[in-house]
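Let's take a friendly tour of this protein, one region at a time. Keep the sequence and the 3D view open as you read.

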Amino acid sequence: MLILGIETSCDETSAAVVSETNGVWTIASNIVASQAAIHSEWGGVVPELASRQHIRDICGVVRAALDTAKTDLEDLDAIAVTQGPGLVGSLLIGVSFAKSLALSLNRPLVPVHHLAGHIESLFLQHGDLPLPLVALVVSGGHTSLYVVKEPGSYVRVGKTRDDAAGEAYDKVAKLLGLGYPGGPIVDKRARDGNDEAVALPSTRMTHADRNDPTLKGDLDFSFSGLKTAVLRHVRQRADHGAPLTDTEIDDICASFQRVVVNALLDRTFEAADRYGAQSVGIAGGVSANSRLRADFADRAARLGFPAYVPALSLSTDNAAMIAAAGLRNFHAGKLAGLDLNADPSLEL
Ligand code: KG4
Ligand code: ZN
């Protein structure tokens, strides 16, 4: 079968065609129109500008996805779309477009949770994985740990109590004056820095979250203290007069990145032990990080876990992963009617 995926939850307009033959998924196309250049001027995503740009881009992006896949609308068997979470104005463009397409083509409409999409990027890239899988989803809006005992089932066992890791990257880049999105820039600067140069705190959660008392909470993350510590360091340093040197910026990036990567990997492998994982994966925009990828592979090899990350093109937001998650939902009968609405805080 052929499924069209549509993703507009944040600042990428994306459409993809994924085929399924005898249970094997193949990406026929995956078109991403990034709005990064528009938002970088403002130092972060401006929601109103994002939704307006999605409207401009969506028709062309869907057309490009069909053309690249050498297929046409009538060949599609289903339409999958990100229902949430994300920016409501942005989500609504994708949801409305997908609903119109499903109605006019008389095809099933498949709602997809954005984070399920990120998790399915691992299966899309690598095929069937040994289960249970412990998956870290780490992006600009989320930092969560999931256990996947069977395909299409996602149980959350950890999450951030405050900032997402990608958000911390973006905020640190902003306060260092490095631009947006910050993750790739900090990643690059960190390669030349000394990761022990700046003493920064690492937060370890030991108490249950009042909002989620059923979980122990010791697999949760917290990055806002780290971000504040970087801010304090930069302010103190600024009191000495001269601006930060390139070497100092590299050192701050490297030191910040060491703390983030260690926190992410510590909790991930604790979860892997606790839930008897047969494989471990990392997905989401921050999984593009070079140190996270390298340290993840090292630790997994040392601890004896098969480790998986998506290709870089499937790490950051894209519609192929939404199409893949759409195939899971389609087979499970999880379809939507034309009353489908965007849900900015949809839970998984
Ligand atoms: O998954 P994604 O594309 O969008 C969301 O769902 O949020 O993730 C975007 C986030 C941004 O915060 C960006 O700074 C971060 O992923 N990111 C990175 C890297 N590439 C993207 N963070 C660290 N290192 C990278 N190389
Ligand atoms: Zn994402």
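## The zinc site

Which protein donors hold the zinc ion (ligand 2)? In this predicted model, they are His-114 and His-118, each through NE2, together with Asp-317 through OD, and they lie 2.1 Å from the metal. Along the chain, these donors follow the spacing H-x3-H-x198-D.

That spacing links distant parts of the chain: His-114 sits in helix α4 (residues 114-126), while Asp-317 is in the loop between α10 (312-315) and α11 (319-331), 203 residues away. Is His-114 buried or exposed? His-114 is buried, because its relative accessible area is 6% and the cut-off for buried is under 20%. Asp-317 also counts as buried, with a value of 14%.

## Helix α11

Next, have a look at α11. This helix has 13 residues and spans 18 Å from its first C-alpha to its last, close to the 18 Å expected.

Now check the two ends. Just after the helix comes Gly-333, which takes a positive phi of about 75°.

## The nonpolar cores

The largest nonpolar core has 47 residues, and Phe-223, Phe-256 and Leu-264 touch the most other members. Several helices and strands supply at least two residues each, including β6 (133-138), α5 (165-175), α7 (224-238) and β9 (279-283). Which element gives the most? That's α8, with 14 residues.

Zoom in on Phe-223. Leaving aside neighbours within four places in sequence, its contacts include Thr-143, Asp-162, Ala-168, Val-260 and Leu-264. There is also a second, separate core of 32 residues, and its members include Ala-16, Val-112, Ala-116 and Tyr-308.

## A buried aspartate

Finally, find Asp-187 in helix α6. Asp-187 is buried, with a relative accessible area of 6%. What does its side chain make a polar contact with? The partner is the side chain of Ser-290, at 2.6 Å.

Setting aside neighbours within four places in sequence, Asp-187 is in contact with Gln-257, Ala-288, Asn-289, Ser-290 and Arg-291.

Notes:
Residues are numbered from 1 along each chain as its sequence is written. Chains are lettered from A and ligands numbered from 1 in the order in which they are written. This is a predicted model: local features need pLDDT of at least 70, side-chain atom pairs count only at pLDDT 80 or more; totals for chains, interfaces and linings use all residues. Side-chain values use heavy atoms; hydrogens and water are left out. Donors are N, O and S atoms within 2.8 Å of the metal (3.2 Å for Na, K and Ca); water is not among the atoms, so sites may look incomplete. Helices (H or I, at least four residues) and strands (E, at least two) are DSSP runs, numbered from the N terminus. Buried means under 20% relative accessible area, exposed over 50%, partly exposed in between (1.4 Å probe, protein chains only). The expected span of a helix is 1.5 Å times one less than its number of residues. A nonpolar core is a set of buried Ala, Val, Leu, Ile, Met, Phe, Trp, Tyr and Cys residues joined through side-chain atoms within 4.5 Å. Contact means heavy atoms within 4.5 Å. A polar contact is a pair of N or O atoms within 3.5 Å; within protein, one must be able to donate a hydrogen and the other to accept it, and residues adjacent in sequence count only if both atoms are side-chain atoms.
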